[in-house]
Amino acid sequence: MLAVKCPVCGAEGDETDFHAGGQAHIRRPATHDPAHVTDEEQRNYLFIRINPKGLHFERWRCDRGCGKWFHAARDTVTMEFKAFYGVTELPPADVIAQAKGQWAEYFANRLTSESKA
Amino acid sequence: MSELSYQSPLAGVAEPQGLSISIREIDERGMIDLRGLTSDAGFMAAVKGVIGVGLPVKPRTSASWGDVKVLWLSTDQWLILSSRARAHELLSQLRDALQGYHSLAVDVSDMRAIIRLEGDGCREVIMKGTSLDLLDPEYVQGCCRRMRYAEIAALLDVVEDNVFDIYVFRSFAHYTWNFLCATAKAPAKLKLFGAQEVPA
Ligand SMILES: [Zn+2]
């Protein structure tokens, strides 16, 4: 059993009171540049997911509480939650620092693109 | 020509026998679903002007004024309780007062069935169907929250220390009633601490 805490309303509970919504931080290419979406980008957006052993970032919903979506960082080996954060937010810096592989790459890209913007 | 008429979802169910607590349906209650932004001072003031009490903004709390009670459902959603007759009045007053504000008010009086549990041991009975720890100090009078109860969506309102209202969607009324009748049977009464008496 996973013990989850909603960052929106503070409800704490069993994972059955919440709903797991798959991988977090997926960006729809057509939202950013509808005129230039390649088949590969669209395929990646729809079907390709990160499935790491270790730290992972997911979407969850406070199903039996406030009903809002939020983000969680969870270790897929120990099942330990590292952080719960808002649905429009990035994870806390210390959790980003622990990310490995594809997630480390993702956050590095995201932070550089946001600092340029 | 057929006339629209309200029928309680639990009309005609048999009076339960041999329960450790009392359960009954509350059918004379109007409910209005209200949505809006707490950051909008105009919206908050307009609602208070109609219902007489400020909307509760603290998660899982309720507020009352006279015969009107408001349950917090989410950071932007509330359920306003009153008598059925009063709900019609309140709804039209709310709609007038909320003109121009980003908000929504809908009469949902027929959407849910309400079952009232009364008596010593209510918490233990409810805890047979939910993962919530109702012994936590949060669950005192004035607390309300949505929960997963007997695998379905429900809303719990702590009316008094030993009085609880469970709201479920209307189509689940019989299911919830039967679940309660089974789990509240006197010989199935649970004691949370200490030695449990063996039922005769
Ligand atoms: Zn929540």
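Contact means heavy atoms within 4.5 Å. This is a predicted model, in which local features need pLDDT of at least 70 and side-chain atom pairs count only at pLDDT 80 or more, while totals for chains, interfaces and linings use all residues. Residues are numbered from 1 along each chain as its sequence is written, chains are lettered from A and ligands numbered from 1 in the order in which they are written, and side-chain values use heavy atoms, with hydrogens and water left out.

**Strand β4 of chain B**
- Helices (H or I, at least four residues) and strands (E, at least two) are DSSP runs, numbered from the N terminus.
- Strand β4(B), residues 68–74, is largely enclosed by the rest of the structure, because seven of its seven residues are buried (under 20% relative accessible area, 1.4 Å probe, protein chains only; exposed is over 50%, partly exposed in between).

**Strand pairing** (at least two DSSP bridges between two strands)
- Four bridges pair β4(B) with β3(B), residues 62–65, in the antiparallel sense, and Trp65(B) stands opposite Val68(B).
- Two residues lie between β3(B) and β4(B) in their hairpin, where Gly66(B) in the turn has a positive phi of about 60 degrees.
- β4(B) also runs antiparallel to β5(B), residues 77–82, with five bridges; a hairpin of two residues joins these strands.

**Nonpolar core** (buried Ala, Val, Leu, Ile, Met, Phe, Trp, Tyr and Cys residues joined through side-chain atoms within 4.5 Å)
- The largest core has 34 residues, and Leu55(B) is one of those with the most contacts inside it.
- Leaving aside neighbours within four places in sequence, Leu55(B) is in contact with residues including Leu34(B), Val70(B) and Trp78(B).
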